[in-house]
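This report covers the salt bridges of one structure. The sequence and the model are shown first.

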Amino acid sequence: QVRLVESGGGLAQPGGSLRLSCAASRIRFSIGEMGWYRQAPGKERELVARIAHDGRTDVSDSVKGRFTISRDVAEKKSYLQMNNLRPEDTAVYFCNARILFGTAQYWGLGTQVTVSS
């Protein structure tokens, strides 16, 4: 099992934007679903958005209309564009990837997103 690498986190003001990136190029197998999860202080990890190999997406109700997930299949990368950020979006964001055929899945170490004035 190998770790994915997230980047793009940081501090944003309410109403601001951040773009998170996930690099999975070190995984030798084709990747099926990729997803973004987050965990706020004192709370459980939750799914934010996920995208299938064919591009179909599933986005949490709490971020619909504000966050967009995308991917580059050839480059094995996923992205989470976060617009109109709110303080309740503050969390550590984790990238997840599942191989296309098999049971293995991979996680990154997380990137901190803080939304505050």
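## Overview

A salt bridge here is a side-chain nitrogen of Lys or Arg within 4 Å of a carboxyl oxygen of Asp or Glu. The model is a predicted one. Searching the whole structure for such pairs gives six salt bridges.

Arg-66 and Asp-89 form a salt bridge through their side chains, with an N to O distance of 2.8 Å. Arg-66 sits in the loop between strand E6 (57–59) and strand E7 (67–72), and Asp-89 in the loop between strand E8 (77–82) and strand E9 (91–99), so this bridge ties together parts that are 23 residues apart in sequence.

Buried means under 20% relative accessible area. Arg-66, at 6%, therefore counts as buried. Asp-89 is buried as well, at 0% relative accessibility.

Arg-50 is partly exposed, with 31% relative accessible area.

Another salt bridge joins the side chains of Asp-61 and Lys-64, at 3.3 Å from N to O. Exposed means over 50% relative accessible area, and Asp-61, at 66%, is therefore exposed.

Methods: Residues are numbered from 1 along each chain as its sequence is written. This is a predicted model: local features need pLDDT of at least 70, side-chain atom pairs count only at pLDDT 80 or more; totals for chains, interfaces and linings use all residues. Side-chain values use heavy atoms; hydrogens and water are left out. Buried means under 20% relative accessible area, exposed over 50%, partly exposed in between (1.4 Å probe, protein chains only). Helices (H or I, at least four residues) and strands (E, at least two) are DSSP runs, numbered from the N terminus.
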